[in-house]
Amino acid sequence: MSSFLTNKWTKAALFAVCLVPLGALVYRGLNHQLGANPIEFLTHATGDWTIRFIVLTLAITPLRKTLKIPELIRFRRMLGLFAFFYACLHFSIWIGIDKFFDFTEMWKDIEKRRFITVGMAALLLMVPMAVTSTAGWIRRLGGRRWRMIHRAIYITAILAVIHYYWLVKSDVRLPLTYGALVAVLLAWRAGDWLLRRRNPATIRAASPDAL
């Protein structure tokens, strides 16, 4: 398992897999399979994949610690960047295709629909995480400051779930499912933090991997 996870081609394969949702949307678009409202379909699909990648990113640390597979950490940054990528697509569709860069109309939407404000807040929190995701930024910022910035993913995940919940008008099963997953992952982190606080001997030296 270790040799498989550390193989450079495994990471390349995961990169290709992460692009599959985009490829599927392009295929559906070229074949006129986006339904009666293509813009709404694309907006919802990219939003769904944003939350899925956020959940996958949050799941890396619990999985690697619980299953004792430290090599999983290699994939966390990629998953986080793909969450940002699909979030950018999600908002680009709204800004460029739905609103045609009509900022007056967009402002009216923001004033009228609170889920848009929450969604934008989630995206803005992702920007510094994406910018500082490289090893060079870890060295510049230091582990402690870097971790402080990247802990914003916890708030981002909560805001993303709220954004989705407020967006849907009747069937809230999916946002509640994502909300439950986020709650479990954050609860695990809270429990892990309390355990380490009670057992100082288990606290490791501060490192970016401790997210």
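Tyrosine 154 touches Leu58, Leu186, Arg189 and Leu211, leaving aside residues up to four places away in sequence; contact here means heavy atoms within 4.5 Å. The model is predicted, so local features need pLDDT of at least 70 and side-chain atom pairs count only at pLDDT 80 or more, while totals for chains, interfaces and linings use all residues. Residues are numbered from 1 along each chain as its sequence is written, and side-chain values use heavy atoms, with hydrogens and water left out.

Tyrosine 154 lies in helix α10. Helices (H or I, at least four residues) are DSSP runs numbered from the N terminus. Between tyrosine 154 and alanine 83 there are 13 Å in space, C-alpha to C-alpha, and the two are 71 residues apart in sequence.

Two packed helices are described by the angle between their axes and the distance between the axes. Axes are lines fitted to C-alpha atoms, for helices over the stretch in contact, and angles run from 0 to 180 degrees between N-to-C directions.

| Helix pair | Axes come within | Crossing angle |
|---|---|---|
| α4 (residues 38-66) and α10 (residues 152-167) | 10 Å | roughly 150 degrees |
| α7 (residues 114-131) and α10 | 8 Å | roughly 155 degrees |

The crossing angle of roughly 150 degrees makes α4 roughly antiparallel to α10, a term for angles over 145 degrees. On the α4 side the contact is made by His44, Asp48, Ile51, Ile54, Thr57 and Leu58, and on the α10 side by residues including Tyr154 and Tyr164. By class, this contact has nine nonpolar, three polar and one charged residues; Ala, Val, Leu, Ile, Met, Phe, Trp, Tyr, Cys and Pro count as nonpolar, Asp, Glu, Lys and Arg as charged, and the others, Gly among them, as polar.

The angle of roughly 155 degrees between α7 and α10 makes α7 roughly antiparallel to α10. Among the α7 residues that meet α10 are Phe115, Leu125 and Met129, and their partners include Trp166 and Leu167. The contact of α7 with α10 has 16 nonpolar, three polar and one charged residues.

Helix α4 bends by about 35 degrees at alanine 59, and proline 62 follows within four residues. The bend is the angle between axes fitted to the seven residues ending at a residue and the seven starting there. Lysine 68, which follows α4, has a positive phi near 55 degrees.

How values were computed
Helix = DSSP H or I, 4+ residues; strand = E, 2+ residues; numbered from the N terminus. Parallel < 35°, antiparallel > 145°, perpendicular 65-115°, else oblique.
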